[in-house]
Amino acid sequence: MSDAASFEGELAINVEGLTKSFGGRKVVDNVDMQVAKGEIYGFLGPNGSGKTTTIRLLCGLLTPDAGHGTCLGYDIITESPRIKLEVGYMTQRFSLYEDLSIRENLDFVARIYGLPNRREAVEETIEKLNLKGRADQLAGMLSGGWKQRLALASCIMHKPQLLLLDEPTAGVDPKARREFWDEIHELAAGGLTVLVSTHYMDEAERCNKICYLAYGHLLARGTAQEVIAQSGLKTWTVSGSSPRRIRKLAHDLTGKSGIDMVAPFGATLHISGLDEAALERAIFPWRNDDDLSWRQDDPTLEDVFILMMNKASDNFT
Amino acid sequence: MMGDRFNFRRLAALIRKEFIQMRRDKLTFAMMLGVPIMQLLLFGYAINSDPKHLATAVFAQDHSIFTRSFIKAMENTDYFQITERPETREEADRLISRGTVQFVVQIPPNFSRDLVRGAEPQILLDADATDPAAAGNAIAALRVLATTALNRDLTGPLASRIPAATPFDLVVHPRYNSENRTQYNIVPGIIGVILTMTMVMFTALAMTREIERGTMENLLTMPARPLEVMMGKIIPYIVVGYIQTALVLVAARFLFEVPMIGSLILLSAVLLIFVAANLAVGFTFSTLARNQLQAVQMAVFFFLPSILLSGFMFPFRGMPVWAQWIGEVLPLTHFLRIIRGILLKGNGIVDIQTDTGAIMIFFVAATVVAMNRYRQTLD
């Protein structure tokens, strides 16, 4: 506890035991989370795992049933109006007004936050977005990638200390995604703390730290390497002479004891298990097959997450 | 520190945004101004609960001076217009069953002979009573006619046939609307009806739209307080309500010459309470509706009893007691009494206090429900 107190000054988010139920179902169950200032923190988990709810609890949009903690040093239960002033929250869905122009949207946000030099702030943002010629177009007319950039711009206009991004890159093309992440890193370099939820593994690997949430429970956290190491998962990669051979192997191996997961990756198959010896016993009959070439490999983050998801569904449902 | 307390600058930003959206939504904007005008013209020009010059067939089997006098007197009431003169009873029946005429007057053979003899002949009036309202006043007019129409012709020895004077003289004096003009009753009522319809529907829609499009979430993550959001929705529509009222009042004055005896300032003051009560209902609906379609359905659900049971369409006193009780709950019922009272009777603040109080109670109750529901939606 004394340890946590000394960290207090450096933690942007520090919550313990967060719990929230909707209609008798625990959506978030006893979640602890510590995010250091200036960190990019990846928030992973399957759909409906409670990511959005957790984010809403953090910024005071929802009141937790149990648990306590601080966000930017403010109490999440009693000081939510202050938190809102210093947090930028980008919702999962585009939530600016589609029937307002780009400029009107930004102007509205600036007015709500009471920004000094409102006009300059709005024009500066438009310029940075490279939308100068289109500022009077309706926001609804923008493509997905532009909407996302506009949404991001509108939630950093008031210079927040913490940015909460709820699946910001869903439905955005790879190039726009890359640019988006470059910008996130730039913002973090400037001292902004970023909490971002995502489904994409490449995005998870671009975070300083990640955590994994399933069925409201926090299952793992740390750097990507730490999470992989903690999982204890062993993986073999096998490639074969023909796709058909690989498909047949996948079919034969699935469900065998010692094998926790079989996942095809293009022309190869990832075969993973938590018990190294049992895994090797299970694959032994195929090891000397001339059509197949076997290689011991590091599990990917995706292997680890899919395994955790499967385990979680056994444990919590 | 800002963000903690109610903030007028943020409220102004929300109101400003609402007006931009209103202006951009061309259809809704057109409805706001178009609905009052359209309803006013429809109700004002097209609807008349005291119709005159109704098509009448006269089946006369007697062609004396008395018959002619009687028919002339009928036409003079303005209610009857003799359009057909059937020769047979069958033809007369066909005319009324097909709806060619509203009335058939049958004057029996020997009408004048029986009249002279003092045998009290009968005149038969067949009325198409499928629409009682249309026939009612005409029949009443004819009853009066029966006692007086022939007085002029009953002279000399026939003077004794003039009906004896009734023991008392009944003088009907329609007050406040002595010409019995339907418009005087309907046009002020239209203001209440339009406000009930548009205010409930527009707020319900405006809030539900924010929730449906996900913009509500964004609003709440920003420092806008719930009360600011609610007022930011309601105030623009109060302004719209006043514009609609002004529009109808001006039209009422110049198109229909509806008298405006009472104080318009008093009317605008009561209007505020009435509009706010309806907005609170719309706001409550918006917290219940999942999408805009449901919001519209709920608005109609509220609008129907309002228009039917408030005394706008049908006389309030003619309804059964249970229906009157429902009517008493609705703000429109009281507003109709107030606005008719102020415009037509010149009522002052003392005369309208009971009805104003009733609207106020409704407003407070609706606001409490709205705020409670609203808080639940947030969590």
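The questions below take up a sheet, a strand, a chain contact and a helix pair.

Visitor: What kind of model is this, and how are its parts numbered?

Guide: Residues are numbered from 1 along each chain as its sequence is written, while chains are lettered from A and ligands numbered from 1 in the order in which they are written. Local features need pLDDT of at least 70, side-chain atom pairs count only at pLDDT 80 or more, totals for chains, interfaces and linings use all residues, and the model is predicted.

Visitor: In what order do the four strands of the open sheet in chain B lie?

Guide: Helices (H or I, at least four residues) and strands (E, at least two) are DSSP runs, numbered from the N terminus. Two strands pair if DSSP finds at least two bridges between them. Strand 2 (80–84) and strand 4 (124–127) of chain B are the edge strands, each pairing on one side only. The pairing in this open sheet is mixed, and the order is 2-1-3-4.

Visitor: Which residue of strand 2 of chain B is the bridge partner of B:Thr56?

Guide: Strand 1 (residues 54–60) of chain B runs parallel to strand 2 of chain B, and four bridges join them. In strand 2 of chain B, the partner of B:Thr56 is B:Ile82.

Visitor: Is strand 11 of chain A largely enclosed or largely open?

Guide: A residue is buried if 20 or more other C-beta atoms lie within 10 Å of its own, exposed if 12 or fewer, and partly exposed in between, with C-beta atoms placed from the backbone. Five of the seven residues of strand 11 (residues 234–240) of chain A are buried, so this strand is largely enclosed by the rest of the structure.

Visitor: Which element gives the most to the side of chain B that touches chain A?

Guide: Two residues are in contact if their C-beta atoms, placed from the backbone, lie within 7 Å. By this test, 23 residues of chain B are in contact with 24 residues of chain A. With seven residues, the element that gives the most to this side of chain B is helix 1.

Visitor: How are helix 7 and helix 13 of chain B oriented to each other?

Guide: Axes are lines fitted to C-alpha atoms, for helices over the stretch in contact, and angles run from 0 to 180 degrees between N-to-C directions. Helix 7 (residues 182–212) and helix 13 (residues 331–345) of chain B pack at about 140°, with their axes 9 Å apart. Angles under 35 degrees count as roughly parallel, over 145 as roughly antiparallel, 65 to 115 as roughly perpendicular and the rest as oblique. Helix 7 and helix 13 of chain B are therefore oblique.
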